[in-house]
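User: Could you walk me through the terms used for this model, and show me what stands behind each of them?

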Amino acid sequence: MSAPPVPAVKVSGLRKSFRVAGTVIEAVSGIELTVPAGEMFGLLGPNGAGKTTTLRILTTLLPADAGSALVAGADVLRAPALVRQRIGYVGQLGGADKEGTGRENLMLTGRLYGLSAADAKRRCAELLAVFDLDTLADRAVRTYSGGQRRRLEVALGIMHRPQVLFLDEPTTGLDPQNRANLWEQLRLLREGGTSIFLTTHYLDEADQLCDRVAIVDHGRVIALGSPDSLKQRYSGDTIAVTSEASPAVLDEVARSLADDPSIAALAVEDGTIRVTARDATQAMAAVFGALASRGVPTRAASVARPSLDDVFLRETGRSLRDAGTPALGIAAEVAA
Amino acid sequence: MTSGFGAFGVQTGLFFQRKLFETLRQPVWIITGLTTPVLYLALFAPLLRSLAGGPAFPPGQVLDVFVPGIMVLIAFGAGMGAGWPIIWELDSGVIERFRVTPASRLALLLGTVLRDIVMFVVPGVVVVAVGGAFGYHVHWGGLVLLFVLLALLTAACSATSSALGLKLKQIGSLAAVVTGAQLPLTLLAGILLPLSLGPTWLRVLGHINPMYYAVQAARALAAGTVASGTVGVGFLVTAAIAGLALWWGTRAYQRAMA
């Protein structure tokens, strides 16, 4: 299937409130997003940030209070049937029928999407092979391991070759090996032209897997862009260069670099030049150049990449690891 | 792509098959589903024999009054159990996953309803066969209509239980509501003992209970009376309740949140 020209997701002014124990909590407060077709997009944020609520609105499970959402070109509120035909969904709960076999689950899902019995059978065999579930196909899902079940659930989500696949916290509870395996499957899917929209509260998942990330907090997008550009924009790479230069030479080098456009900040400590770079490659070249032109040999150099947590910290004043109000957040996302 | 109605039929069939498998995987339910009604016949009917000839039981017709009562009880039980598995399905995300597919919500509900109708018809046939062997007078025309009427009642109960499961979301709450409603509903319908035995106030209360009309019609049909006002009212009331319950259940599926 060729990638459709319409964006995978186009969201504007999205709002949703819940009443929990008498108080109104705005889980989503004006989210704006456009995800082009073919992208692997991540919604990163702490528990209760509104990620799951947003995903539920986009997958037609929950009506928004205000705003508009187009998914694969169809309006979530006005044409939910069209949206459902075009998307796949892998929820947090999974949703495989545990008493049924893997094959039964896949066949039923395929048929529900309108595949003929023969087509469903073919697609089922194909996915069982791709997700390495062949030998488990006729066993009850309740006997599967966590990783096996997750693979089946992703297979269920793409049984009908959707244009956009939504995944809610897809790797939560998986061990590192199964996690890496799932990432690989998702990358292959994206290469095949499927747009992928996932939520995660794992920094490394957003960072390594996603083309672009929206960092959300309190129902708002606080930063949006590719992981690299976000980190660059909010806090550049940190370069540390240790050389044999004397303090006087180091001061001279520091002064000469002060106006370099690739450098945001520079400090000298214990014979080491520390640079916060706007552009790591250029900044590195500038530092090396300044040292080399004075005939100073370099002893050690390192580049520390900022993390998305630095971005979150910068925007909210909290670390993503500590943020979130799990009890309240989950209650708000569960209630309705 | 299949046309709307064809797709709806296919989806209903798929959900029905799925629910039927769910039951077949639990042989315990099938066994108790079949033995309980037979036990009623074996253990309860003898108690009534001494009442034969009394005000509610014309001579020699104890089973004629009692068998349709048991049938209503089976229909009620077959339908009211629908909510429990639905709560498990909510908890495991199965329903959420179905709700993201284009499948019709009514088809989703009907899968359960049709399975429950089977769960009424099979033991119902057993009861008629066993009852017949012990002296229950089978009136064929009335019997067929009796099954149709009670299939409607099963549908009403099944859809109601499904909607309750989807709304309450918790086994404990569902159990409280269903068992709480069961006693007044069945007692005030005159299922086991005809309400005509009771005082006026009890009979007045019975008339508020929609199931009362189904029971009255069931007794008339079991006795072979087809063309009567009682039967007509029974069908009207039961069909209306079933329609309302199906509408409510479909709506509950549209809005279900887990």
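Analyst: Happy to; here are the terms, each set beside its cut-offs. This is a predicted model, where local features need pLDDT of at least 70, side-chain atom pairs count only at pLDDT 80 or more, and totals for chains, interfaces and linings use all residues. Residues are numbered from 1 along each chain as its sequence is written, while chains are lettered from A and ligands numbered from 1 in the order in which they are written.

User: What share of chain A is called buried?

Analyst: A residue is buried if 20 or more other C-beta atoms, placed from the backbone, lie within 10 Å of its own; with 12 or fewer it is exposed, and in between it is partly exposed. Of the 336 residues in chain A, 45% are buried.

User: What makes residues of chain A count as touching chain B, and how many do?

Analyst: Contact requires C-beta atoms, placed from the backbone, within 7 Å. By that rule, 23 residues of chain A meet 21 residues of chain B. Helix 3 of chain A gives the largest share of chain A's side, four residues. That side divides into ten nonpolar, eight polar and five charged residues. Here Ala, Val, Leu, Ile, Met, Phe, Trp, Tyr, Cys and Pro count as nonpolar, Asp, Glu, Lys and Arg as charged, and the others, Gly among them, as polar.

User: Why do strand 2 and strand 5 of chain A stand at the edges?

Analyst: Strands pair if DSSP finds at least two bridges between them. Four strands of chain A form an open antiparallel sheet in the order 2-1-4-5. Strand 2 (23-35) and strand 5 (74-75) of chain A each have a single partner strand, so one side of each lacks a neighbour in the sheet.

User: How do you know that strand 1 and strand 2 of chain A pair?

Analyst: Ten bridges join strand 1 (residues 9-20) of chain A to strand 2 of chain A, and the two run antiparallel. R15(A) stands opposite S29(A) in strand 2 of chain A. Helix 1 (residues 51-58) of chain A packs on this sheet, touching strand 1, strand 2 and strand 4 (66-71) of chain A.

How values were computed
Contact = placed C-beta atoms within 7 Å. Axes fitted to C-alpha atoms, helices over the stretch in contact; angles between N-to-C directions.
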